[in-house]
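Dear colleague,

Please find the structure below, handed over for your records.

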Amino acid sequence: MKIKYFLIMILAFTCLNITFVQAKDNSADEFYNSLSKNEHPYKEYKNATLNIREKVNGSNLDEIQKKLGKYALDSLPTDYKGTELYFFASVYEDAQVLVEKAIFYDMKGNFLGGSFSRLAKKEAVLKGEFKGWSEQAGTEEFSNENPR
C-alpha cells in the first residue's frame, strides 16, 4: 500500500516538473502565438517598422534598448532583475506618426506590465497632413494590429 502512494507521489511530481520545464522552454515565438488565449493579449502591428520578440533576463534589459535603437523606450522596469521574461515590442512609423508598444510577461504567461506611446510628427502637424487620431488610446492598443 505504501508503495502505491509512493509511486503516485513520484508520478505526480514528475508530471509537474515536466510541465514546468516545457513552459520554461517555450521560445518567444511559441509564446507569442499562444497570446490570443491570454487575459492580456498582445498583437504586433501589421505593417510594423520594427518587431521584437525576446525571452530575456530582467537584468539584461539594456540589451533590449540597444536592439530598439532609435526607438528605445523611455523606461523599462527595474524590478525584474534575475527574472526570466518574455518581452515584445512593436513600432510603427510613417511620415505622420510614431507609435510604440511594448509588453512583459513572466515564464508562466502572467502579464507584468507594458507601455504604449504615440506621437504625431511635428512636420506633419505643421503642414496640415496629420488630421488627428481616430480613437483615444487605451489598453486595447496592445491587442490592436494597427495603430489608430
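One aromatic cluster is formed by Phe 31, Tyr 32, Tyr 42, Tyr 86, Phe 88, Tyr 105 and Phe 111. Rings of Phe, Tyr and Trp (its six-membered ring) are taken as a pair if their centres lie within 6.5 Å; planes under 30 degrees apart count as stacked, over 60 as edge-to-face and the rest as tilted. By this rule there are eleven aromatic pairs.

Please note that this is a predicted model, in which local features need pLDDT of at least 70 and side-chain atom pairs count only at pLDDT 80 or more, while totals for chains, interfaces and linings use all residues. Residues are numbered from 1 along each chain as its sequence is written, and side-chain values use heavy atoms, with hydrogens and water left out.

Tyr 32 and Tyr 42 make an edge-to-face pair, 6.2 Å centre to centre with 80° between the planes. This pair links distant parts of the chain, ten residues apart: Tyr 32 lies in helix 2 (residues 28-33) and Tyr 42 in the loop between helix 2 and strand 1 (50-57). Helices (H or I, at least four residues) and strands (E, at least two) are DSSP runs, numbered from the N terminus. Both Tyr 32 and Tyr 42 are buried, that is, under 20% relative accessible area (1.4 Å probe, protein chains only).

Each of these two rings also has a charge over it, meaning that NZ of Lys or CZ of Arg is within 6 Å of the ring centre and within 35 degrees of the ring normal. For Tyr 32 the charged end is that of Arg 53, 3.8 Å from the ring centre; for Tyr 42 it is that of Lys 101, 5.4 Å from the centre.

A further pair, Phe 87 with Phe 104, is tilted, at 5.0 Å centre to centre and 50° between the planes. Phe 87 belongs to strand 2 (residues 84-93) and Phe 104 to strand 3 (residues 97-106), 17 residues apart. Phe 87 is buried, with a relative accessible area of 0%, and Phe 104 is buried at 5%.

As to the sheet, four strands form an open arrangement in the order 1-2-3-4, with antiparallel pairing; two strands pair if DSSP finds at least two bridges between them. Strand 1 and strand 4 (111-120) stand at the edges with a single partner strand each, so one side of each has no neighbour in the sheet. Strand 1 and strand 2 pair over eight bridges in the antiparallel sense, and Ile 52 has Ala 89 in strand 2 as its bridge partner.

Yours sincerely

Notes
Buried < 20%, exposed > 50% of the residue type's maximum accessible area, 1.4 Å probe, protein only.
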